[in-house]
Amino acid sequence: MAIFVVMILVLVFRLWSMQIVHGQEYTDKAAINRLREATTIAPRGRILDRNGIELVTNRTSMVVLAPISALEDDALIERLATHLMITEEDVRERIGSVKDAPLDLRVVGIDVPMDTISYIAENQALFPDIQVAARAVRTYPQAALASQVLGYAGLISEADMERELFENYHSGDIVGKSGAELAFETVLQGVRGRQLIEVDAQGKPQAVVQDDPPQAGQDVMLTLDAELQGATEQILAQTVAAGIESGLKTAGAAAVVLDVKTGEVLAMASYPTYDPEVFVGGITQKDWEKLTDEKLNYPLINRAIGASYPPASTFKAFVGLGALDASIVTTQTQTTCVGGWTKLGQWDQKNCWIYPGSHGTMDMHSAVAQSCNYYFYDIGYAFEENTDEGLQKYLESWGYGSVLGIDLPGEVSGRIPTAEWKNEWNVLNPEFNIGAWVPGDGVHLAIGQGDVLTTPLQLASTYAGIAYKGKVLRPHVLKAVLDSNGDAALTIEPEVVFEPSVTPENLAWMREYLRAVVTEGTAYGGFSGFGTAISGKTGTAEYTGTKKDDTAWFVGFAPSEDPQFCVAVVVEQGGAGGRTATPATRSIFGAIFHESTTFSLGTDRSR
Amino acid sequence: MALFRYDIRRNVNFTLVIAVAALLVVGTTIILSATSAMEDASSFLYRQIIGIAIGLVLMVCFWLFDYRNFADMIVPLWIVNLFLILAPRIPGLGSTAGGSERWLAIGGRHLFQPSEPAKLVTILLFAAIVARYEGEIPDLLSFIKLFAISLIPAVLIMLIPDLGTGLVFVAISLGILWVGGAHSRTMILLILVGLLCVIGFVFTEINYSKTNDGDGRVLKEYQLNRLIVFVDPDVDPQGAGYNLEQSMISIGSGEFSGKGLGSGSQTTGNFLPERHTDFIFAVLGEEMGFMGGLLLMGLYLALLMACLSICASSIDLFGSLIATGIMSMWAFQILENAGMTMGLMPITGIPLPFMSYGSSFLVTSLACVGVLLSIWRRRNYQSPIKGVDDDETSAQSSRNPGIREKTRATKNNSGPRRSSPRPHASFLYR
């Protein structure tokens with residue numbers, strides 16, 4: 001009797017252990033058994049310009065979808081390849097590349113012509129389990145406009161999946177890869193539709209337990225003005241073309257237009273550009289190679305934030321302010337320019353750009369207006385003699401050498417060279433030893449040459465700082481995030497990122513000098529006859545020892561009396577600043593103030 | 001009929017009948033639920049009810065038939081037994097299912113699985129043989145002889161091959177031998193030696209399959225895999241471990257009150273294999289939960305207790321041994337079947353009494369109930385079991401002179417028997 005009681009007790013105890021003690025674990029396992037999740041992609045939010053013009057939106061594309069089980073059917077793969085006019089390897093790649101989410105369908109063909117869609121839909125016997133559907137894909141109503149700022153979206157990659165930003169993403173998601181698409185990914189991305197499907201042991205769906213429809217992503221309004229952006233891009237293209245025509249090796253160019261009082265980016269152009277449409281539905285290898293070909297000057301790079309150049313004479317505004325701030329000079333200090341500067345010895349003569357000519361007696365007003373190197377060599381020398389890298393520290397206080405934190409990916413910091421940096425460079429690059437810091441480096445820095453590098457955005461933002469209150473605002477391209485009614489759910493307030501040491505008096509002086517550049521100095525010819533008062537500075541960065549043409553700069557703001565807009569233009573291998581960058585800037589200001597200007601290269605060889 | 005001349009309580013063991021009736025109701029309900037998602041679902045219920053009907057007819061036949069007649073039928077029982085066991089191997093009669101020849105078929109039509117009725121026949125046969133020792137197996141040699149004889153049907157069944165059913169035969173033999181007078185020490189020794197042999201055998205098999213690609217192995221691939229996954233069900237959940245894994249998920253996810261009849265996701269979603277036959281307990285566990293399991297276990301305990309009571313009150317040793325054999329068979333099948341669904345026992349294909357779909361064992365079990373009732377009806381009223389009225393003894397004896405005569409008659413054929421009450425029920429207190 002005891003045997004039976006014990007036997008039954010053992011069984012009951014086991015039941016109790018499994019059902020009462022561990023019941024929840026088994027219930028979870030049963031749920032894993034029977035429930036499968038299938039999701040559908042939500043349409044991404046649109047990207048609009050500041051006036052609500054669509055820059056990026058979605059269009060409906062006919063796609064062909066296949067389940068992962070299609071991989072086992074060789075004949076089916078062959079038929080798909082034939083009708084979609086792609087190779088069998090491509091078909092297999094597209095179906096098999098996504099490893100998880102076994103119930104989600106894979107996109108095999110995108111933008112499939114209607115007759116192919118109909119054929120597949122009508123011949124289900126030939127295409128078992130293959131579905132045709134309309135999917136929302138990215139489209140660009142303004143074509144290539146602002147392509148580097150907008151960026152592109154694409155299928156999430158395995159590397160993306162490991163990033164924190166994409167923590168809860170599914171494979172198969174369309175995500176921002178660059179530009180605004182990446183920067184505002186979290187709002188642009190909608191919420192995937194989610195279906196909980198009950199399946200049987202064979203995986204056949206039995207019932208839909210839960211069905212949450214997809215929620216579209218939020219629309220994003222940028223600070224860009226589509227019209228101005230278009231004009232800016234066109235002017236850059238015109239400038240490069242004219243530069244090449246005039247015998248220069250002009251390659252690329254960039255321009256930034258900022259709202260001085262808010263830091264809003266009104267236009268940000270980079271030449272060459274690309275057509276973002278090539279990324280829709282996955283870029284082909286051929287197109288990708290084209291976009292990354294050195295000969296085509298890397299159109300994917302946003303040169304306004306992602307490339308840095310020696311600022312050349314545009315730097316004189318900050319060097320001048322630094323000298324005034326450090327009391328190295330006063331606004332009255334005079335120096336006589338004799339062309340060749342030899343304070344570091346006859347063997348180390350540094351020339352003013354006017355050499356073998358000379359500027360004669362200069363104060364800071366005329367030195368900025370005429371872009372006299374000699375005057376600034378003296379300032380650089382004085383900083384070297386009297387301070388411990390005081391010039392570098394001052395320039396860094398304006399944000400040079402660090403990123404401004406614009407709300408776009410890919411911003412580079414540029415570089416302010418120091419003794420420490422040179423030593424580090426030599427350790428890291430022993431094959432390109434540039435030697436220790438010498439006083440001549442500081443002298444070069446004072447005219448924005450040598451190892452110093454800045455981005456067009458840094459120059460635009462810092463000149464906007466001179467134009468406004470001596471404070472550097474964080475530049476931004478996001479104006480607002482819109483809710484489903486089109487109302488702003490989030491707006492951006494101006495934010496000061498750098499507060500350099502500068503008195504209002506010195507700031508006023510410098511604004512006067514920069515105005516003089518246009519009224520009497522190096523940009524006099526370039527802006528003669530222009531209706532709005534412009535202040536600014538030319539710049540010409542030399543590449544000594546290479547066959548490259550000089551980098552041309554113009555950075556300026558207008559109207560001079562109450563600055564609203566700041567424009568920075570850089571033209572790679574554009575020759576002297578007055579030759580290419582100044583006329584480009586004039587045209588951009590023309591677009592801003594609706595003044596008709598005819599574009600013509602400058603003849604000015606001044607720097 | 002003479003049967004109903006007396007108080008019906010004397011002829012019917014109500015605990016047994018009510019337990020069996022309740023088990024049949026629960027079993028039929030669960031089968032209905034388990035098969036609801038299958039094609040041709042109603043045919044399962046239909047065939048199960050036909051099985052119950054045939055079983056009930058046989059039960060009444062055995063009830064009315066005096067079981068003591070079987071004591072003199074050793075030779076016919078041997079013949080019937082060997083026929084039933086060997087029938088599936090006879091060309092034209094055997095039929096294959098699940099990789100082994102388990103069915104008796106005529107013209108390709110499956111009739112029944114002869115190994116199931118062979119269980120009852122073996123119980124009767126072995127009880128008759130052991131009863132001749134009058135409750136005292138004198139020496140080890142006799143014990144070994146008896147055990148060897150009992151192994152004949154078991155080994156023949158295992159060669160079909162049907163390991164699980166073979167083990168049922170071993171359990172029957174051990175039960176009858178124990179009650180039939182084997183020394184406890186001998187029994188314990190035998191069980192220990194048996195266990196050691198089995199463990200050694202399994203390890204040799206596993207080694208063989210690892211080293212020689214299975215050459216020289218006795219067990220079939222699936223049998224060995226079942227043993228391996230019994231040790232570790234996670235080895236290959238989609239392969240051999242799948243059944244066990246799904247069965248355990250079904251039972252565990254039933255939790256306290258179950259998911260409701262017909263609402264088990266494991267059952268309706270087809271995750272649980274063999275759910276109307278070998279894994280019917282998992283369906284009950286999933287859909288009726290711990291409460292259902294407790295109910296079933298309670299019914300089985302009542303069934304076995306009824307068997308014990310019948311065994312103890314039997315008028316002769318033969319009846320006690322038959323009851324013991326039936327009890328051993330059911331107990332072993334309950335332990336093995338319910339145990340395997342919960343990972344306590346290796347997986348074999350033996351049915352859960354009165355629950356699993358399949359007429360062969362159902363009819364056999366109901367016939368067993370008939371035999372048990374036959375023993376009960378002719379019981380000794382001086383039962384040591386509490387609650388049986390001792391005063392009735394004299395009345396019963398005088399009213400049933402035929403039974404006494406029969407007892408005396410068999411005495412001459414099968415040697416002296418002790419008269420009742422006798423201490424053969426002493427095992428109850430072991």
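Good morning. I begin with the meeting of the two chains, where 25 residues of chain A are in contact with 30 residues of chain B. On the chain A side, helix 1 (2-21) and helix 2 (23-34) each supply at least two residues. Helix 1 of chain A provides the largest share of that side, namely 11 residues. By residue class, the side of chain A that touches chain B consists of 13 nonpolar, seven polar and five charged residues. Please bear in mind throughout that this is a predicted model.

Chain A contains 22 helices and 23 strands. Among its 607 residues, 46% count as buried. Considering contacts in chain A with a separation of 6 or more, 72% are between residues 24 or more positions apart.

I turn next to a sheet in chain A. In what order do the five strands of this open sheet lie? The order is 12-11-23-22-21, and the pairing is antiparallel. Strand 12 (265-271) and strand 21 (535-541) of chain A are the edge strands, each pairing on one side only. From one strand to the next, the twist averages 5°.

On one flank, strand 11 (residues 253-259) of chain A runs antiparallel to strand 23 of chain A, and seven bridges join the two. Within that pairing, Cys566(A) of strand 23 has Leu258(A) opposite. Strand 22 (residues 551-558) of chain A also pairs with strand 23 of chain A in the antiparallel sense, again over seven bridges. Here Val570(A) of strand 23 is the bridge partner of Trp553(A), and Val567(A) of strand 23 stands opposite Gly556(A). Strand 22 and strand 23 of chain A are joined by a hairpin through six residues.

Which residues of strand 23 of chain A point one way, and which the other? Phe565(A), Val567(A), Val569(A) and Val571(A) point one way, while Cys566(A), Ala568(A) and Val570(A) point the other way. Helix 10 (residues 226-245) of chain A lies across strand 11, strand 12 and strand 23 of chain A. Its direction is at about 30° to strand 12 of chain A.

Two further helical features of chain A follow. Helix 3 (residues 74-84) and helix 4 (residues 88-96) of chain A pack with their axes 8 Å apart, at an angle of about 110°. Helix 3 and helix 4 of chain A are therefore roughly perpendicular to each other. Helix 3 of chain A contributes Ile77(A), Glu78(A), Leu80(A) and Ala81(A) to the contact, and helix 4 of chain A contributes Glu88(A), Val91(A) and Arg92(A). The residues of this contact divide into four nonpolar, no polar and three charged.

Helix 15 of chain A, residues 373-386, has 14 residues. From first C-alpha to last, helix 15 of chain A reaches 20 Å, close to the 20 Å expected at 1.5 Å a residue. Is helix 15 of chain A mostly covered or mostly uncovered? The helix is mostly covered, since 12 of its 14 residues are buried. The buried residues of helix 15 of chain A include Tyr374(A), Tyr375(A), Phe376(A), Tyr377(A) and Tyr381(A). Asp378(A) and Glu384(A) of helix 15 are also buried.

Finally, I come to chain B. Its secondary structure comes to 16 helices and three strands. Of the 430 residues in chain B, 48% are buried. Contacts in chain B with a separation of 6 or more are accounted for to 70% by residues 24 or more positions apart.

Where does Ser356(B) lie? Ser356(B) is in the loop between helix 13 (317-341) and helix 14 (359-377) of chain B. Why does Ser356(B) count as buried? The reason is that 25 other C-beta atoms lie within 10 Å of Ser356(B), and the cut-off is 20 or more. Leaving aside neighbours within four places in sequence, Ser356(B) is in contact with Thr277(B), Asp278(B), Ile280(B), Pro351(B) and Phe361(B). Furthermore, the C-alpha atoms of Ser356(B) and Leu24(B) are separated by 9.9 Å, although these residues are 332 residues apart along the chain.

Terms used. Residues are numbered from 1 along each chain as its sequence is written. Chains are lettered from A and ligands numbered from 1 in the order in which they are written. This is a predicted model: local features need pLDDT of at least 70, side-chain atom pairs count only at pLDDT 80 or more; totals for chains, interfaces and linings use all residues. Two residues are in contact if their C-beta atoms, placed from the backbone, lie within 7 Å. Helices (H or I, at least four residues) and strands (E, at least two) are DSSP runs, numbered from the N terminus. Ala, Val, Leu, Ile, Met, Phe, Trp, Tyr, Cys and Pro count as nonpolar, Asp, Glu, Lys and Arg as charged, and the others, Gly among them, as polar. Axes are lines fitted to C-alpha atoms, for helices over the stretch in contact, and angles run from 0 to 180 degrees between N-to-C directions. Angles under 35 degrees count as roughly parallel, over 145 as roughly antiparallel, 65 to 115 as roughly perpendicular and the rest as oblique. The expected span of a helix is 1.5 Å times one less than its number of residues. Two strands pair if DSSP finds at least two bridges between them.
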